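Have the sequence and the 3D view open as you read.

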Amino acid sequence: MTGIRLGVDFGTSNTAAVLRWPDGTTKPLLFDGSELLPSAVCRAADGDLLAGRDAVRAARSDPSAFEPHPKRCIDDGTVVLGGRELPVRSLVAAVLRRAVEEAGRVAGEQPAEVVLTCPAHWGPRRRAVLVDAAVEADAHRVRIVAEPVAAAHAYGRLPEGGTLLVYDLGAGTFDASVVRRTGPGRDYEVLAQAGLDDAGGLEVDAAIVAYLGTVYAARDAATWRRLTHPVTAEDRTAARQLWDDARAAKEALSRTATTVVHVPLFGDDAPLGREQLDQLAGPIVDRTVHQTRAVLREAGVAPDALSAVLLVGGASRLPLVAAVLHRRLGVAPTSVERPELLVAEGSTLVPLPGPDNPDEPPSSMARDDPPASADKAPSGVRPPSRAAPAVPLRKPLKVRKPRRSPVILLALLVAAGATVYADTRWFGGAVFGIGDCLEVSLVSSDEKADTLRGLSERFRKDGPEIDGQCVDMRVSVAGSRMVADALAGDAEWDERRLGPRPDVWSPSSSVWTERLRASKHGDRLAAELPSVTRTPVVIGMPRPMAEALGWPAAKIGWSDLAALAADPRGWGARGHPEWGAFKVGKTNPNTSTTGLLSFTSTATAIGIDGVRALELAAVHYGSSVSTFTKNLYRADQEGRGVDYVSAIGLEEQVIFQYNRGNLLDGGQQAPPRTPLVAIYPADGAISSDNPYAVLRAPWVSAAQARAAEAFLQYTREHAQAFHAAGFRDAEDHAGAELRADPNLQAEPIYVNVKPPDTAKVAELLALWGGVRKPASVLVVIDESGSMASGTDAGKTRLQLAREAALPAVDSLAATDELGLWSFSSPDAAGAAPWRELLPLRKVGPETAERYRQSVGRLSPHGETALYATIRAAVRQLKDVQHDQRIYAVVVLSDGANEYSDDDLDGLLAELDRGSLEKPVRVFTIAYGGDADAGALDRIARSARGASYDARNAVDIKDVFNDVLSNF
């Protein structure tokens, strides 16, 4: 292949595009910050055709001019949009043009070849429409490749004569295909293919909304109708919020066992669990699996003869999909990192046509039958259809008139537009772009990002123009230390890990800007950096415990807590022996700004003995405070709000939010029964000063710098937005909300400790390494047969897991202990399914060598004995436990429990009982697409640990490092 190749997967709901350079480098194109471009088209008032999110936004004011699914119109000749008859070809071209233009912008030149994908059954007429549309979009050298063939090329591991089942579940449609590799080269034949036009992620969203309707319509039918048949602007906004939250809940339940759906107009948060989602999605998934089995029968291929089952399409991430396919076919599906990009990427790998490799003709099963109706409604959701305005036709062509109800139109708008807010991978941050505004990338710490996003939206609408343009401040989130280190180095900015490169950077503390200032690129910062907001780092304490220390009248400091931590009587010294020992929740200062600032205050205020006493009182460490707030909230809801921890170092704003039920990444809940109060340590505290740095970097234009300064001024003029979120303003003044909170103090009195400079930070981290509470960590790794599955990195899951686990021994101190188990099936009758590869022992050279050798010898075999292994590991640590260590089990598993011990409820009850007396914390890693993330999350929560998501297997190194920050 010579020149740059552009692969485009023109989908029913979304379009994906990937560039491939001659050296094999690939890059997915981003559209308004997302790797998915809605395949939607809207005719603007001036006659122009808008595509993607621009079309979605325009449709809100004129739905009659909107077509969300041009691909479904491929047989219709023309379509009526906004009272005008338009060729379907032009609608498709509007979408493809966005991809071609973005490819030229990113590559600096037009692609030498454009490869488009289509369903295998499309015949010459449909393919011709696609080619003509690409030519109209100014694409050069256009080729067509069947979607399952592109997927097979992306999979790349199919042996000659082998067969691959491609299970493609997208937002709006489903396709199943059987592909055979026919020769020693990369030649593939589609043996059979069929699909469903009304099965996909949108249908699952609709099922969630319909389920909610069974509850809320009975409560207030008129209000529910405002959500399902919105008429006013307020109702439309509320309906969009409902569908957006339903989609978000669906995605969250692939990572956790429970979540909530906010129901606007009712002001209610409806609980939704994994089991409920499985029940709602079950009929949809069952239809796709039934269709899949029919395709296998048509192809004459038995399930056990398949070389692999490949999951494609964003909705294939539903855990139920892999579970049902595995159960019905007896074959564990293969998941990939980004299933929605697989077809586009694979299309760029299809060899160029030549004497030995002719261009792909339509499949032998290709037909030009009109597609099935796209208008079938999810039961109980769609109202009667509405007709589009009638228009006179100039010639007797078949005209497709949109037949979309307001509810499903809204669902399509949300599904397409939701990626504007949530379909990014920047540490949970959102990136969105608006039209032709001047774009400025603002990278923020996470706690204030939502406030900045709200201000940026208002700023775009009513802020000043810069050089005649509105300003779009694109707010994303990244870890402060990681951004500091990336800006300080010379390596190319890693968008996949860090998100968009900043034009403006606002970390949580000036500790991080000073880290950059001390590097060779320190000149990227101005001499003085203003704050955008402030919040002090304080001590969060359950209110009854604070009152036992004399709060609010008494002046309480770090020294008081250190004395209580060192007292063998614990809370008995304050008249409450029932509360047991004084226990502290502490974040790791190497990974958490709050942890670093808290430790700085402690080390400044009290002597080494007091510092050591507080460290020894730690229940465990954490990479972020959310682990502690979520565990504390769960204990609170069980009526044990004073049992988990006695004190946590927190920002004042986090306490404000916690008492209102906002648990950071734990979602919005009801307020806790036992609130936290803020103790402002009389002997020293530091504020998170949230500096605002307009970078003096070559990629930041003068106009962007002026826009960033204007936005800073705008935030000061609208400081109420920060006050409402529990922050103080840039001058450290509390707002009315904070002043009215009885658990906080608007004007506290304490010694203000100066943030440490870079040299001092290094000293403090060295000090912490010497006084931190030692840990006994048992690493438990799944080596079942599924760990032999491949990944996008070109290695097996087990190979990547080995690479991630090996550095664990280097992150622990000589005072720590380390052990290693593996688990799969019993090696012999009557044997246990786990194997002790390294008994728990002090970390040292000999332990390190034995650990590395044992990890290196792990090999995939057998099934997954998850529950029995965790139960045995926890019991073993309890048998050797004493008070001066953190005891923890780290479990990495890539599958659901397949062992005879399937008593999950019994395991959870045992872990929950043991979490208070002689606690052993369990930290779980859901690894790969087959992992039972829901069960692993419940296990971690019952043991007051934390669960981690590594279902994108290539992320396992970063995830393993995060887990180790707990010790």
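## The chain as a whole

Please keep in mind that this is a predicted model. The protein chain has 967 residues, and 59% of them count as buried. Its secondary structure comprises 32 helices and 34 strands.

The largest nonpolar core is built from 67 residues. Within that core, the residues with the most contacts are Met541, Phe582, Tyr851, Ile925 and Phe967. Another core lies apart from it and has 53 residues, including Leu169, Leu272, Leu277 and Val321.

Setting aside neighbours within four places in sequence, tyrosine 851 is in contact with Val779, Ala805, Leu806, Ala808, Val809, Leu818, Leu820 and Leu838.

## Helix 17 against helix 19

Helix 17 covers residues 558-566 and helix 19 covers residues 608-616. Their axes come within 8 Å and cross at roughly 60°. An angle under 35 degrees would be roughly parallel and one of 65 to 115 roughly perpendicular, and the two helices are therefore oblique to each other. The crossing of helix 17 past helix 19 is left-handed.

Which residues meet where these helices pass? From helix 17 come Trp558, Leu561, Ala562, Ala565 and Ala566, and they meet Gly610, Ala613 and Leu614 of helix 19.

Histidine 723 sits in helix 23, which spans residues 720-724. Is histidine 723 buried or exposed? Its relative accessibility is 11%, and since buried means under 20%, histidine 723 counts as buried. Its side chain reaches the backbone oxygen of histidine 733 at 3.3 Å. Not counting residues up to four places away in sequence, histidine 723 touches His733 along with Arg728, Asp729, Ala734, Gly735 and Glu737.

Glutamine 653 belongs to helix 21, residues 652-658. With a relative accessible area of 3%, glutamine 653 is buried. Beyond its neighbours within four places in sequence, glutamine 653 is in contact with Glu447, Thr535, Ala725, Gly726 and Phe727.

## Aspartate 912

Aspartate 912 is part of helix 30, which runs over residues 904-914. This aspartate has a relative accessible area of 17% and is therefore buried. Once neighbours within four places in sequence are left out, the contacts of aspartate 912 are Arg634, Glu638, Arg640, Ser942 and Arg944.

With arginine 944, aspartate 912 makes a polar contact from side chain to side chain, at 3.3 Å. How far apart are the C-alpha atoms of aspartate 912 and alanine 635? They are separated by 9.9 Å, while the two residues stand 277 residues apart along the chain.

## Glutamate 275

Our last stop is glutamate 275, found in helix 8 (residues 274-299). Its relative accessibility is 60%, and because exposed means over 50%, glutamate 275 counts as exposed. Glutamate 275 and threonine 258 are 17 residues apart in sequence, and their C-alpha atoms are 8.9 Å apart in space.

Key: Residues are numbered from 1 along each chain as its sequence is written. This is a predicted model: local features need pLDDT of at least 70, side-chain atom pairs count only at pLDDT 80 or more; totals for chains, interfaces and linings use all residues. Side-chain values use heavy atoms; hydrogens and water are left out. Helices (H or I, at least four residues) and strands (E, at least two) are DSSP runs, numbered from the N terminus. Buried means under 20% relative accessible area, exposed over 50%, partly exposed in between (1.4 Å probe, protein chains only). A polar contact is a pair of N or O atoms within 3.5 Å; within protein, one must be able to donate a hydrogen and the other to accept it, and residues adjacent in sequence count only if both atoms are side-chain atoms. Contact means heavy atoms within 4.5 Å. A nonpolar core is a set of buried Ala, Val, Leu, Ile, Met, Phe, Trp, Tyr and Cys residues joined through side-chain atoms within 4.5 Å. Axes are lines fitted to C-alpha atoms, for helices over the stretch in contact, and angles run from 0 to 180 degrees between N-to-C directions. Angles under 35 degrees count as roughly parallel, over 145 as roughly antiparallel, 65 to 115 as roughly perpendicular and the rest as oblique. A crossing is left-handed if the near helix is turned anticlockwise from the far one by less than a right angle, and right-handed if clockwise.
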